Amino acid sequence: MHIEPGVVEGAKIFLSYATAVAGLGLTVKLARDSIRDNGGALALALRSLIASVLVFGFFEVLPHHPVGVSEVHLILGSTLLLFGAGAAAIGLAVGLLIQGLFFAQFDLPQYGMNVTTLLLPLWGIHLLAKRIIPARTAYVDTRYTQALALSTAYQGGIVAWVAFWAFYGHGFSSENLASVGSFGLAYMSVVLLEPLIDLGVLAAAKALSRYSQGPLFNVRLHQPA
């Protein structure tokens with residue numbers, strides 16, 4: 001997820017530093033919870049490494065197209081929860097940073113906005129998953145409606161944050177409204193596609209349960225809470 005350069009400039013960009021600190025603070029909390037409940041520090045480090053590589057691939061390798069004020073990506077936030085919310089959050093932050101440092105330095109000034117836009121909706125679907133997926137249900141048994149709800153919530157959170165940054169930076173001019181609207185409409189395709197991919201990944205994890213258990217995966221993937 002990349003907010004286009006120039007969307008927020010000058011002193012206004014300092015707000016993104018504050019929101020990024022908040023997002024990274026939530027990441028620390030998720031990481032601590034994962035260490036306590038999901039296999040310990042080494043398991044978290046391994047899952048975070050895998051998640052970071054995947055996120056880098058999502059952003060740099062998979063198709064991505066600039067539309068309006070940002071880019072349309074497959075982010076697969078729900079799929080990243082296979083590794084636990086802590087590892088998913090670390091993977092999003094680190095994968096985005098690696099891309100910026102080595103392949104898209106022009107995005108580094110927007111890192112605070114971009115990492116906020118990814119991490120705060122992830123926190124939201126982490127909380128939502130606790131509400132809509134019963135404790136007695138393993139993630140591999142997630143239904144399409146549940147996957148759709150999680151994906152829609154995540155993508156909706158991303159669109160909302162992108163819109164916030166655009167309106168915060170340039171106000172509510174007709175041109176800016178059109179730019180935000182075109183981005184939101186383009187993201188509808190992602191909302192429809194990602195739940196199918198998420199369920200496909202979960203089905204593969206269930207079919208290959210022999211290989212999808214252990215420290216590299218979220219304990220909740222195959223075991224009820």
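Which residues line the second largest cavity? In this predicted model, the lining consists of H2, L96, Q99, G100, D107, L108, Y111 and N114. Helix α4 gives the largest share, 3 residues. By class, the lining of the second largest cavity divides into 3 nonpolar, 4 polar and 1 charged residues.

The largest pocket was examined next. Its volume is about 450 Å³. A total of 20 residues line the largest pocket. Nearest to its centre lie D37, N38, H126, N218 and R220. Helices α1 (14–37), α4 and α5 each provide at least two lining residues of the largest pocket. The largest share comes from α1, with 5 residues. The class composition of this pocket lining is 8 nonpolar, 7 polar and 5 charged residues.

A pair of packed helices is described by the angle between the two axes and by the distance between them. For α2 (residues 41–60) and α4 (residues 85–102), the angle is about 45° and the axes are 7 Å apart. The two helices are therefore oblique to each other. The crossing of α2 past α4 is right-handed. On the α2 side, the contact is formed by L44, R47, S48, A51, S52, V55, F56, F59 and E60. On the α4 side, it is formed by G86, A87, A88, I90, G91, L92, V94, G95, L96, I98 and Q99. By class, this contact of α2 with α4 comprises 12 nonpolar, 6 polar and 2 charged residues. Two of the α4 residues named here, L96 and Q99, also line the second largest cavity.

Helix α1 packs on α4 as well. The axes of α1 and α4 come within 7 Å and cross at roughly 145°. In this case α1 passes α4 in a left-handed crossing. Helix α1 contributes L24, T27, L30 and A31 to the contact, and helix α4 contributes A85, G86, A89, I90 and A93. The contact of α1 with α4 has 7 nonpolar, 2 polar and no charged residues. Residues G86 and I90 of α4 take part in the contact with α1. Both G86 and I90 are also in the contact with α2.

A further packed pair is formed by α6 (residues 144–170) and α8 (residues 188–207), whose axes come within 9 Å and cross at roughly 130°. These helices are therefore oblique to each other. Helix α6 passes α8 in a right-handed crossing. From α6, the contact draws on Y144, A147, L148, S151, T152 and Q155. From α8, it draws on V190, V191, L192, E194, P195, L196, D198 and L199. By class, the contact of α6 with α8 contains 9 nonpolar, 3 polar and 2 charged residues.

The segment after α8 contains F217. Beyond its neighbours within four places in sequence, F217 is in contact with N38, R47, L82, F83, Y211 and S212. One of these partners, N38, is among the residues that lie nearest the centre of the largest pocket. Another, R47, belongs to the α2 side of the contact with α4. In contrast, F217 and V69 are 35 Å apart in space, C-alpha to C-alpha. In sequence, F217 and V69 are separated by 148 residues.

Note on methods: Residues are numbered from 1 along each chain as its sequence is written. This is a predicted model: local features need pLDDT of at least 70, side-chain atom pairs count only at pLDDT 80 or more; totals for chains, interfaces and linings use all residues. Side-chain values use heavy atoms; hydrogens and water are left out. Axes are lines fitted to C-alpha atoms, for helices over the stretch in contact, and angles run from 0 to 180 degrees between N-to-C directions. Helices (H or I, at least four residues) and strands (E, at least two) are DSSP runs, numbered from the N terminus. Angles under 35 degrees count as roughly parallel, over 145 as roughly antiparallel, 65 to 115 as roughly perpendicular and the rest as oblique. A crossing is left-handed if the near helix is turned anticlockwise from the far one by less than a right angle, and right-handed if clockwise. Contact means heavy atoms within 4.5 Å. Ala, Val, Leu, Ile, Met, Phe, Trp, Tyr, Cys and Pro count as nonpolar, Asp, Glu, Lys and Arg as charged, and the others, Gly among them, as polar. On a 1 Å grid over the protein atoms alone, a cavity is a set of points where a 1.4 Å probe fits but cannot get out, and a pocket is an open set with protein on both sides within 12 Å along at least five of seven lines; lining residues have an atom within 4 Å of a point. Grid points are joined across faces, edges and corners, and a volume is the space filled by probe spheres set on the points.
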